Amino acid sequence: MRLFSRAIVAILLMFWVAAWASGPAYAPSRVVYDVSVGESEALHAILDRISMLQKVYDYDPFEASIVVVVHEEAIPLFSNTARQDPGLVNRSGGLVMGEIIQFRLCRASARQQGLDDSDFPNFIHVIPMADAEIVHLQNTGYAYLR
């Protein structure tokens, strides 16, 4: 009987250690990223974080949503005509294929920079104003990340 009890305790301990070592499980959530950086290296780092979060959320399109709101200095990085880093745009377009990530771009900021809705790839949704969109998303339960 002692051997059986020890075996049960050992098995339970192994499961506990395995669960503890793997870290916490995060439930999928809704997140809005406020992106205004103008350097492609910084934007690639943000895309790395977004991609990792999508993986942590197990690519669940029913429970997870990640909205990337692009404005200010980041806008030219997504322009069809003034692309500084085509790989960045291609990578961003690939991220939306998982159905969890959306890119939204500020029309007001784009117009201030002489750009029109047609100057951006089709996977980017042009919205009237970044700040209003971020506030709206936060009011509907999205967590804010910068």
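Q: What should I know before reading the model?
A: The model is predicted, so local features need pLDDT of at least 70 and side-chain atom pairs count only at pLDDT 80 or more, while totals for chains, interfaces and linings use all residues. Residues are numbered from 1 along each chain as its sequence is written, and side-chain values use heavy atoms, with hydrogens and water left out.

Q: In what order do the strands of the open sheet lie?
A: Strands of a sheet pair through backbone hydrogen bonds, either parallel or antiparallel. Here 5 strands form an open sheet in the order S4-S3-S2-S1-S5, with parallel pairing; strands (E, at least two residues) and helices (H or I, at least four) are DSSP runs numbered from the N terminus, and two strands pair if DSSP finds at least two bridges between them.

Q: Which strands stand at the edges?
A: Strand S4 (124–127) and strand S5 (143–145) do, each having a single partner strand, so one side of each has no neighbour in the sheet. S4 is joined to strand S3 (residues 101–106) by 4 bridges, and Phe-103 stands opposite Ile-124 in S4.

Q: How do I read the packing of two helices, and what is the case for H2 and H4?
A: Axes are lines fitted to C-alpha atoms, for helices over the stretch in contact, and angles between N-to-C directions run from 0 to 180 degrees. The axes of H2 (residues 40–56) and H4 (residues 86–95) come within 11 Å and cross at roughly 15 degrees; H2 and H4 are therefore roughly parallel, a term for angles under 35 degrees. Residues of H2 including Leu-43 and Leu-47 meet residues of H4, among them Leu-88 and Leu-95, where contact means heavy atoms within 4.5 Å.

Q: How are the rings of Phe-78 and Phe-103 placed?
A: Rings of Phe, Tyr and Trp (its six-membered ring) pair if their centres lie within 6.5 Å, and planes under 30 degrees apart count as stacked, over 60 as edge-to-face and the rest as tilted. The structure holds 2 aromatic pairs; in that of Phe-78 and Phe-103, the centres are 5.9 Å apart and the planes at 45 degrees, so the pair is tilted.

Definitions and conventions. Parallel < 35°, antiparallel > 145°, perpendicular 65-115°, else oblique.
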